[in-house]
Number of protein chains: 2
Amino acid sequence: MARPQRRTVRDIRRGNRAVLLRALYFSGPTSRNDLTACTGLSAATVSTMTADLLSENIVVEAGQVESDGGRPRVLLRVNPEYGFAVGVDVAETHVRVGLFDLEMTERAKVDYMLRPARHDPELVARHILSGVEVVLSDAGVSPEQVLGIGVGVPGIVEPGADGVIHAKTFGWDGVPLGALLRRGTSLPLYVDNGAKTMGQAELWFGSGRGASEAVIVLLGVGVGATIVADGTTFRGVSSSAGEWGHTKIVAGGRPCRCGGRGCLEAYIGIEAILDRAGVTSRGNWEEDLAAVLASKSPVVEETITYLGVGLANLVNLINPEKIVIGGWVGIQLGESLLPEIRRATAANSLAEPYAATSIVLGRLGPDAVALGAATLVLEEFLNAPQVARITAAG
Amino acid sequence: MARPQRRTVRDIRRGNRAVLLRALYFSGPTSRNDLTACTGLSAATVSTMTADLLSENIVVEAGQVESDGGRPRVLLRVNPEYGFAVGVDVAETHVRVGLFDLEMTERAKVDYMLRPARHDPELVARHILSGVEVVLSDAGVSPEQVLGIGVGVPGIVEPGADGVIHAKTFGWDGVPLGALLRRGTSLPLYVDNGAKTMGQAELWFGSGRGASEAVIVLLGVGVGATIVADGTTFRGVSSSAGEWGHTKIVAGGRPCRCGGRGCLEAYIGIEAILDRAGVTSRGNWEEDLAAVLASKSPVVEETITYLGVGLANLVNLINPEKIVIGGWVGIQLGESLLPEIRRATAANSLAEPYAATSIVLGRLGPDAVALGAATLVLEEFLNAPQVARITAAG
DNA sequence: CATCTTAGTTCAGGGACAAAAACAAGGCCT
DNA sequence: AGGCCTTGTTTTTGTCCCTGAACTAAGATG
């Protein structure tokens, strides 16, 4: 309650600049005139502010559009080459580094395989740092043009400058990945849980687009969720909100790798699904899952039921506008069984919140984690686009 | 994404005024000098702003405090009699109307009993309206001094001006209580779910005080929760967030009065507890529960386990700083069994979020619902304290 | 070529906060 | 008792920002 929260005229400027930039970013090419309408700012303010943005090269002109009988509108857009963002996906089997421009077009990408058992933090950090160098030189982008590096990792990320990670399944307990990376780069770093970065990507560029209250669930080896409240990711007090996979849906039920019992993940995590189906995997889980789905085994129906219970709990507790199902297991299930998933969710939800929720599939592929990580950089850019220049010198 | 969100200099004024007023309200008697420190505003701004507030009689002086060797500080405080708020608790067995001053001291109160089966909306509305008249005349307060009326009701309240209510257990389905009340009063109305108003009360004046991320759970006949994110109640897209009682903890488990199976309420709602204990109630649930607790029956341990699972789900999903257990059942359980509740929660939570959460008992008594309803009015007052006067005339 | 229409820019005016200076009110020392 | 010091509060001055209105730009129309 004691955080200073005063506002001064400068905050207005910064805030309005962010509003303008967001409008420009999400509406694509737009005229100044339309910007006054959609931001609510006066024409004068839009004019001076766009002039600033143009002179800083953050915004560029993008052709004209004739108006019926008057001066044509000049279209403006965010300059996709004003800066670049690096997105990193640290997963159980690989480290993937991507370079994105401001429009989140992937310009370069590099993968490093990890041997499943070997997750030496130093090695991962070296992969990331060399990956950044590789994608930059591949794309011909210099480090000064990079606005920051976003990293999506498994497990819980402590808030704070060091990016300390706790990932039991990964063998990391208190690994300061942020600090390790800091030794090799001076670029701004953003470290977040991979389920959250994927959620961020679906929210901004995928099926969650435009939703203000939403949940993006990730079904894969692990099960997680991103809770979006008022348009931004809800993180809780210590950044671990969204551990949906370890909420209990059967008190005292199946044991889970987290040590608990009856966790959702212990029913609909890929290992749990295969285990319940009696499949001993030969390593290719995607094929295995496809086989189970094709088998019409009762395990499929059970899985949908458990998933429906888990989703219904989100519906009742969070009352989201939209639930996006992502992760490769989620996509594979959803592609054929979305109506059944909806039915199972409805059966376990209260009527009013269920009616307010639409359940959809994620649209982004396997690169969503890296894309979302890069989006952390973009978000920062849109909120605080560059520090104000020294106006007297301009 | 298209909502106009521009800011102008006037917004700064309003915002800073709200910041100042909140600081004054929550810190009690405070000098202008301390206000500059705790709001971050400059002394000049605090001075002019307090002068305004003093002339409007919103703030009054509250004595002096000597400083070591200098001019003594003049203490300021919010004038508790500047205005009043009405809080209404509509429950299954009664309608309670309370009048509170700005410090939330109850000045008058009146109860109307409801026959359990008879919940005619018109009758309830008449009770509320006549209750308002009664408390005002009892306390000698005129309607002009009342800043608004807050109403806490069971069930889900639709967002919108009519205050439409869906309360299955109450026999109300789409009752526009707000519109019914609007016919009898022109005061500002705020209608919200009773579990949420109770949560609001605990958050502002009870055990949740100062928490920014918290969950306040209500255990009574029904089971509900208030989720607090970033200091404010999270409502979800259609205001029904927090239906914790109908999240499933045993897929396919005990039938619940909501029509579902395995709901938390079907295990730890008072009726469920008594049912599981094999008690056939003679009408006094509080005594019945006390008897069960005294009996050392295994039902008690089971109840704690189920409650622990429910709380752990909140810990994992929401990652709150604090969980407050309220409602009469919650208090009765917690008074003797809080350590066991904590243990059961820990057993079902992930270590990191559990370590970040403290589980405490609610502090406010049975009037918390009405108090919280009045707090809705207070919140509005603190955020937008009066429309700005015509400055030229002053 | 004059007029109309729409788009965008410039400028005066007023509101808001910060920093600094001035003022106020008491204690302390000589 | 009077000057000096310390602390609290108010006034003055300056800078920043937004808006509304006047103004310029650029094309269409007849």
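This is a predicted model: local features need pLDDT of at least 70, side-chain atom pairs count only at pLDDT 80 or more; totals for chains, interfaces and linings use all residues.
User: Why is C258(B) called buried, and what makes C38(B) partly exposed?

Analyst: Buried means under 20% relative accessible area. C258(B) has 18%, so the residue counts as buried. C38(B) has 29%, which falls between the limits of 20% and 50%, so C38(B) is partly exposed.

User: What makes R77(A) and E103(A) a salt bridge?

Analyst: Their side chains meet at 2.7 Å, N to O. The cut-off is within 4 Å, so the pair qualifies. R77(A) sits in strand β3 of chain A and E103(A) in the loop between β5 and β6, 26 residues apart.

User: How do you know that E302(B) and R276(B) tie together separate parts of the chain?

Analyst: Their closest N and O atoms are 3.0 Å apart, in a salt bridge. E302(B) lies in helix α10 and R276(B) in helix α8 of chain B, so the pair ties together parts 26 residues apart in sequence.

User: Why are β8 and β10 of chain B called edge strands?

Analyst: The open sheet has the order β8-β9-β10, with antiparallel pairing. β8 and β10 of chain B each pair on one side only. Strand β9 and β10 of chain B pair over four bridges, and at least two are needed, so they count as paired.

Definitions and conventions
Residues are numbered from 1 along each chain as its sequence is written. Chains are lettered from A and ligands numbered from 1 in the order in which they are written. Side-chain values use heavy atoms; hydrogens and water are left out. Buried means under 20% relative accessible area, exposed over 50%, partly exposed in between (1.4 Å probe, protein chains only).
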